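Keep the structure open beside you as you work.

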Amino acid sequence: MNKQNKVIGILGGMGPEATASFYMKVIKETKVTNDQDHFRTIIDSNPQIPDRTEAILYKGPSPVPELIKTAENLKKAGATVAVMPCITAHYFYKDIANAVDMPIHHVLEGLNNYIKEVYPRVKKIGVLSTSATKETGLFQRYLEDKEILYPNESEQKNKVMQAIYGDNGIKQGNTGSEPKQMLLEVANRLIKEEYCDMIIGGCTEVELVLEAQDMSVPFIDPMRVAARDLAR
């Protein structure tokens, strides 16, 4: 499929700032010489999709009906391929993919291929993610031949989840020093004490505050990899 026929659909709203950030990544990863070289992109940022962590861990409302509805909206609008800029939502990937007649790029499968291609010698990977992603073992399921390490229980609750969901967290619109410092403290311990040779931003909010230059080991943003895959 050539660039003129390919229409990227972004199944967004989880959260809205992460959705906007992903669209910018698609733009940056697309090789162009003028405006017309970019992909047509349709964004449905649906903040009414129920919280994925609440659904998985605390029996909250399932996000699946709204995820399917949003994917169908993208298909009707002309999207030829969709992507979900939310890692935790990939727990429900098969439910959405089986319900919609449109390919949906699997971010974690793409990430696995990228790491095998670019960082084949990496063995121990630290993941900063929501508690739902941690508890469901999404990264262990899709990253082949890698040891996946997460923050300990206290760090996960009091630093990672506070950085993402807290009163002064990223989902509250704060991408300043406080959430960044909490995440960096956890990442640095995983590097120094658990000997992780890579850190992954396992939640789309994490990459809103952390950058590669913050780390002494490679820091991978799965959504930038996904944007790269789609642009290719």
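Before starting, sort residues into classes: Ala, Val, Leu, Ile, Met, Phe, Trp, Tyr, Cys and Pro count as nonpolar, Asp, Glu, Lys and Arg as charged, and the others, Gly among them, as polar. Remember too that this is a predicted model.

**Exercise 1.** Describe the largest cavity and sort its lining by class.

*Solution.* 
Step 1: A search of the whole structure turns up one cavity of 30 Å³ or more, and the largest cavity holds about 60 Å³ of space.
Step 2: Find its lining, which includes Met-14, Arg-52, Cys-86, Thr-130, Lys-171 and Glu-205.

**Exercise 2.** Find which element gives the largest share of the lining of the largest pocket.

*Solution.* 
Step 1: The volume of this largest pocket is about 360 Å³.
Step 2: It is lined by 16 residues, and those closest to its centre are Leu-210, Ala-212, Phe-219, Asp-221 and Arg-224.
Step 3: Two elements give two or more residues to this lining: β8 (219–220) and α10 (222–231).
Step 4: The largest share, three residues, belongs to α10.
Step 5: By class, the lining of the largest pocket has nine nonpolar, seven charged and no polar residues.

**Exercise 3.** Find which element gives the most to the lining of the second largest pocket.

*Solution.* 
Step 1: This second largest pocket has a volume of about 250 Å³.
Step 2: α2 (52–58), α6 (131–136) and α8 (153–165) each give two or more residues to its lining.
Step 3: With five residues, α8 gives the most.

Key:
Residues numbered from 1 in each chain as written. Predicted model: local features only at pLDDT ≥ 70, side-chain atom pairs only at ≥ 80, totals over all residues. Heavy atoms only, no water. 1 Å grid on protein atoms, 1.4 Å probe; cavity = no way out; pocket = protein on both sides within 12 Å on 5 of 7 lines; lining within 4 Å. Points joined across faces, edges and corners; volume = space filled by probe spheres on them. Helix = DSSP H or I, 4+ residues; strand = E, 2+ residues; numbered from the N terminus.
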